[in-house]
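Dear colleague,

I am passing on the structure we spoke about, and would be glad if you could look it over alongside the notes below.

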Amino acid sequence: MGRFVVKIHAASLEKLQDLQRIFDVDVVRATARQIESHFAVEAIVSDMDIEKLRSEGFRVEVLSDADELGNQRRKEVSGY
Amino acid sequence: MYGSKTYTRGDVKKILESLDIFVLADVNPDGKEYSQTVDTWWRKNRNSNGPVDINRNFDFLWSSGIGSSSNPASELYHGAAPLSEPETKNVVYLFDTYLNINYYMDIHSYSGLVMYPWGDDQSQSTDSNQNFMNPAYDGIRGKIGDVAYKEYMPKDIESKLAVLGKRLNAALAAVRGTKYVVQQSVGLYPTSGTSDDYALSRNSIDPKKVLIYAFCVEFGKEFIPPYSEMNEIIKDLGAAMTELCLAAAG
């Protein structure tokens, strides 16, 4: 199961808040923004989460492969 | 000197001779060690009975469930009780032991924000009954944009927090031109159990306790910036922290 850094777009603020409230998505709350007429927030989710969220009507934009990025960053500071 | 932002010898002398400064360089050392060796994205502590999000474990509307969870599997698990975690207790120990602490900054990643309380709801300064201690509003808080509840904050305190937040941001921006956004913590996702709200709330609960002007800075554009960028962010934050010290020194 891969993990990804994503930006999730929702049509309303209520729908955006459902990500945490109902779907227990690990959102990065401080990144939540209103973008013109819709709302978006970044999150770390699995590939299964992405499928589920898309089926629930969210637009999910994949920003990076979290596992790959994590490995790169970890090597920079700890060598592991 | 932080990039293009400089402070004079007089500034440093003023800070060192008039303030006691406490630096908790790493509030969550076990969690950090785990993130550097096993799971990079780990953010909670390493409590074997259910790892806890330390920044949901403070005693501020802890049981409200606003932006927190009672499920140990959740990334937002708030713990078994308020202040249950040793990491949280360490922070509170400082407040309880050094009674004149009246400025506080909690540093996290990410998003490029300088935030100040409240985090549970939008604030207002006209109805002091709408406050976090009033059980009549339990279950009503934490809804953005409604009129049923907004968290009370006296106007002078909010003004000082906003002005100081802009001052910290200006110092940060002077380092290399990076501009953060200064805003109330609540943003679009209300929270509870956070350290900055707890710090400010201590004086509301007990007016004999010193008023703590609290901030939470969310640095950078990603959870874990590249090492080279982190070195630059450290300068940004160094300027913001020095500016806070200068403000505290008066």
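This is a predicted model: local features need pLDDT of at least 70, side-chain atom pairs count only at pLDDT 80 or more; totals for chains, interfaces and linings use all residues.

Between the two chains, 22 residues of chain A are in contact with 19 residues of chain B. On the side of chain A that touches chain B, the elements giving two or more residues are α1 (13-21), β2 (26-35), β3 (38-46) and α3 (66-77) of chain A, and the largest share, seven residues, comes from β2(A). By class, the residues of that side of chain A comprise eleven nonpolar, five polar and six charged.

Within chain B, helix α4 (residues 155-176) packs against helix α6 (residues 227-249) at an angle of about 140°, the axes lying 8 Å apart, which makes α4(B) oblique to α6(B). The crossing of these two helices, α4(B) and α6(B), is right-handed. Among the residues that meet there are B:Leu164, B:Leu168 and B:Val175 from α4(B), and B:Ala240, B:Glu243 and B:Leu244 from α6(B); the contact of α4(B) with α6(B) has ten nonpolar and six charged residues, but no polar ones.

Leaving aside residues up to four places away in sequence, B:Leu168 touches B:Val114, B:Phe215, B:Ala240, B:Glu243 and B:Leu244.

With best wishes

Definitions and conventions: Residues are numbered from 1 along each chain as its sequence is written. Chains are lettered from A and ligands numbered from 1 in the order in which they are written. Axes are lines fitted to C-alpha atoms, for helices over the stretch in contact, and angles run from 0 to 180 degrees between N-to-C directions. Helices (H or I, at least four residues) and strands (E, at least two) are DSSP runs, numbered from the N terminus. Angles under 35 degrees count as roughly parallel, over 145 as roughly antiparallel, 65 to 115 as roughly perpendicular and the rest as oblique. A crossing is left-handed if the near helix is turned anticlockwise from the far one by less than a right angle, and right-handed if clockwise. Two residues are in contact if their C-beta atoms, placed from the backbone, lie within 7 Å. Ala, Val, Leu, Ile, Met, Phe, Trp, Tyr, Cys and Pro count as nonpolar, Asp, Glu, Lys and Arg as charged, and the others, Gly among them, as polar.
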